[in-house]
Amino acid sequence: MPRRNVVITFDDGFSDIYDHALPVLSARHIPAVVFATTDRQSSDWPGRHRPYPLLTRSQLREMTESGIDIGSHSRTHARLTECSSDDLWNEVDGSKKILEDMLGREIRHFCYPYGTFDERTVAAVRKAGYQTACTTVRGAVGADIDPLRLPRLTVGKRMGLFHFLRRVIL
Ligand SMILES: [Zn+2]
């Protein structure tokens, strides 16, 4: 892997990505992956209130045509470590097939909802044929990192440019 590379990832697939990030990313050819769930509406999104609707199918298609990679964030944003074996497989493999049918291309990347994963969930992600999977473990990706347990650096909405640069460069 070349040094000093960055991939920007967005979890959950809310439409603010389409409205605000897509124009910037595509204008500057910045690689990015958006992790979408397949079976959720914004109205039944788990947890805190979300001000934006989820990305529509046509927005997802348009984003792939603009060079954004779409990955799976499961079907229902379930805690995969608490799922039965059947439900786990349905969340991991089922979402891959739904997105592949919807977008007409291979879905290669997965992101664990809530960042929860264990040996069993990683094995399911591997068996389904994903090449990478993102966690919420904090860190940069080095040569010795398991591609199905990728760490990330979170960029919060209140982070200023100085802290952003320090986090990315150091
Ligand atoms: Zn999520």
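Visitor: How many helices and strands does the protein chain have?
Guide: This is a predicted model. Along the sequence, the elements follow the pattern β-α-β-α-β-α-β-α-β-β-α. The count for the protein chain is 5 helices and 6 strands.

Visitor: What radius of gyration does the protein chain have?
Guide: Start with the box: the C-alpha atoms fill roughly 45 × 35 × 30 Å along the principal axes. A compact globule of 170 residues would have a radius of gyration near 15 Å. The chain agrees with that, at 16 Å.

Visitor: Which residues is Ile107 in contact with, leaving aside neighbours within four places in sequence?
Guide: Contact here needs C-beta atoms within 7 Å. Leaving those neighbours aside, the partners of Ile107 are Ile70, Gly71, Ser72, Lys96, Leu99 and Glu100.

Visitor: Where is His109, and how many other C-beta atoms lie within 10 Å?
Guide: His109 belongs to strand E4. Not counting residues up to four places away, His109 touches Val33, Asp69, Gly71, Tyr130, Gln131 and Thr132. His109 is buried, because the number of other C-beta atoms within 10 Å is 24.

Visitor: What separates the C-alpha atoms of His109 and Cys134?
Guide: Along the chain, these two are 25 residues apart.

Methods. Residues numbered from 1 in each chain as written. Predicted model: local features only at pLDDT ≥ 70, side-chain atom pairs only at ≥ 80, totals over all residues. Contact = placed C-beta atoms within 7 Å. Helix = DSSP H or I, 4+ residues; strand = E, 2+ residues; numbered from the N terminus. Buried ≥ 20, exposed ≤ 12 C-beta atoms within 10 Å, placed from the backbone. Rg over C-alpha atoms; globule rule 2.2 N^0.38 Å.
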